[in-house]
Amino acid sequence: MPEGILCNKKPVDTVDQLQALLADKSGKQYYEEMKQLDVNGDALWATLQKTLKSRLRTWLEICAHCGMCADSCFFYLANGRDPEQVPSYKIQSTLGELVRRKGQVDNAFMHYVMDTAWSKCTCCNRCAMYCPFGIDMGVMFGYVRGLCFSQGFVPWELKIGSGMHRIYRAQMDVTTEDWVETCGWMCEEYEEDWPGLEFPVDKPNADIIYTVNAREVKHYPEDLAEAAILFHLAGENWTVPSEGWEETSLAMFAGDWEGCKKQVESVYAAMDRLKPKRMVVTECGHAYRATVIEGPFWAGLKSGRTPVESFHYVEWVAEALRTGKLKIDPSKRIKEPVTYQDSCNYIRNAGLRSCAREIMSYIAEDFREMAPCGEHNFCCGGGGGLNGIGRYREARNVGLKVKRDQILATGAKLVVSPCHNCWDAIRDMEEIYHIGIRWSFLKPLLLKMVVVPEHLRPEE
Amino acid sequence: MFKKILFATTASPVCDNAAKVAFDLELKWDAQLIIFHVLGIPTRGFSPFVTDVRTGQDEQMDPDYIEWVKEEMRNTYGELLKDADRVVLEAAVGVPHREILRKAREEDVDMIIMGAHTRPEDVGASRYRSVVGSTMQKVAKAARCPVVIISRPCTTCWKLFSNILVGIDFSKASKAAFLWAARLAKEVDANLHIFHALDLEITAAGHVKAQEEIEGRIAAARGKLENDYLPLLKGYEKYTVQVWEGAPYVEILKLARERQADLIVMAHHTREIDPEIALLGSTVEQVVLRSACPVASVNHPDKALDEAAI
């Protein structure tokens, strides 16, 4: 069978296709069909020739197989130093082989490539920091995922995820109406406690345009309310766009290059339409990487930058605390030992390490660094979409051990984790390994300790 | 008074008492009853997995699974459903308090009914730090309509309620609670016991107040009730006014016992809803846990005021 009904080379562009995939519980039929899926070797080779450019070609060729990358990979460490988990081996045996065989590979090989690209690499890019040549296996596996996607070899959940972005311009089925209604709802629910609270939608020329993660809208709208309250307390002139509000990109995790482009273009269009001074994104790691770091290149923006200057939430918080827009009540600072989960996507890959430390200096009295930390920190264990893929659940759980041991070594019982993926991975870790920790985003912590100016307090 | 009622259930025995009251109201008021169950807690980041609220297992939701849960609900309430004709069964995935509030808003319901206790094995307690345990608390805080919490068997049919106790703390929210209680008392022809507790724990602040001073404050509170609240009854005569001193929740429960109250109505307007700090902190929660009769929490004037200019 060349193409399956559910598993095929066509991306998901219609609601019907999406529904059919969703109804196939755990992708049972999908993965069955994948076993029969033909590989179009010629198309693969043509794509390789067009898109495998000098940087990646050079990296493939100059790898000296020295093994310096081995210890940098948390999968290698968590799996008893299995040689097959050495990053260099992982990329040479997949992308390297694809190039050597000029794309003429079979179904079994593509299964191996898919399993490696999604369950043995979270694209955390840590290995690049230790390779003497600076070879970045994370970047290369991001590319390999694109090759897999073009041939239909992509985990079921991510085929759905990329389809969501193509249809709804969001990672979940949240429509413009749902989104705008949720903003109104949250304003209504919280305005009594926070007099004057607003949730401005589509306000032109605001100082800040705020973008979010669809899961906040769908399941955790308190997160939106918390953001609104903190902007309100800081006296910010802010807004959200009615369209182009979703900053995340499962299309990036899926390797759906076309979907990636469409998604970020919707956000950039909102910036162009509303002309804000700058953009702030919620506490999400990959959203920032997709829309701020990689997005401008997907969208073909020559500057390599987003249309307006873009900030991660931790940058805004650090600034608000530094300038006194938000003031912390010293008696309410966190007294217990607390540590911080450095998200790969905005710490290692965007250099925001100091923002995180600055925030902790304001809110915590006993801040304990993990070892290693900052840009050298390990991935939470669930990045790159791995948290959400049923097929690789076990492999993910093994990988979590590295983060578990790092957290335990700090002695902290509270982990500040301003990234949705890290938050989930740490939650799952607690569920699997029962180490007795708590974890939190920044917003709820800040709300507990921020000084509310007299004129913004409710009567009574 | 009740056209649409939302019964938020865990679809387990802890909600049996609440179920009986919900079906009773459907029957006696000819209201539409929406039986609503939230079955899975989703993740924060990308993942199709949800934690099944009943089993605690990871599940991937699909339309079949939700249908299966509804079938289970139909079985659970089989007996009660026999006599009911205006009942809709619904199930959703999400964080329980959030989905209950969403549904109540969507359907513009007149009342939410819930059970108070959660089972010890409830998954949310460990997984989401008291999310399930505090569902009632969060719903009561934010709902625009009265929330009735039922933790023990309700022996009297709602229509036959003869004693309704309303606790007043002079907040804006407690005005709404008063109006709703008054409307209900009139509708079922019950005695309305209007009550204020002078909180000595707060006012004393470490030193013993002179009896004279306490009595002065009691008189002041009574005066306030008479001036600000009684006129709103517009001539309804079956009421009493009580002002006692003590810890509010204890005094409310004492009076409820003394008057054999069928329902306690209170405002739940506490700002602090962090479950780690206020899990059982507020008066309304203390009352809910200990009360022999149902407790209605009325926090917003939306559903209390419109027709309540009785």
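Predicted model: local features only at pLDDT ≥ 70, side-chain atom pairs only at ≥ 80, totals over all residues.
Reader: OK. How many helices and strands in chain A?
Author: Chain A has 21 helices and seven strands.

Reader: And how compact is chain A?
Author: As compact as a globular protein of its length, because its radius of gyration is 22 Å, close to the 23 Å that the globule rule gives for 460 residues.

Reader: What does the C-alpha trace span along its principal axes?
Author: About 75 × 45 × 40 Å.

Reader: What share of the residues is buried?
Author: Buried residues are 52% of the 460 in chain A.

Reader: And contacts? What share comes from residues 24 or more positions apart?
Author: 80%, counting the contacts in chain A with a separation of 6 or more.

Reader: Switching to helix packing. How do α7(A) and α8(A) cross?
Author: Helix α7 of chain A covers residues 107-119, and helix α8 of chain A covers residues 137-150. Their axes come within 10 Å and cross at roughly 140°. Angles over 145 would count as roughly antiparallel, so α7(A) is oblique to α8(A).

Reader: Left-handed or right-handed crossing?
Author: Left-handed, as α7(A) passes α8(A).

Reader: Which residues make the contact?
Author: From α7(A), M110(A), V113(A), M114(A) and A117(A). From α8(A), F141(A), V144(A), R145(A) and C148(A).

How values were computed: Residues numbered from 1 in each chain as written. Chains lettered and ligands numbered in written order. Helix = DSSP H or I, 4+ residues; strand = E, 2+ residues; numbered from the N terminus. Rg over C-alpha atoms; globule rule 2.2 N^0.38 Å. Buried ≥ 20, exposed ≤ 12 C-beta atoms within 10 Å, placed from the backbone. Contact = placed C-beta atoms within 7 Å. Axes fitted to C-alpha atoms, helices over the stretch in contact; angles between N-to-C directions. Parallel < 35°, antiparallel > 145°, perpendicular 65-115°, else oblique. Left-handed = near helix turned anticlockwise from the far one by under 90°.
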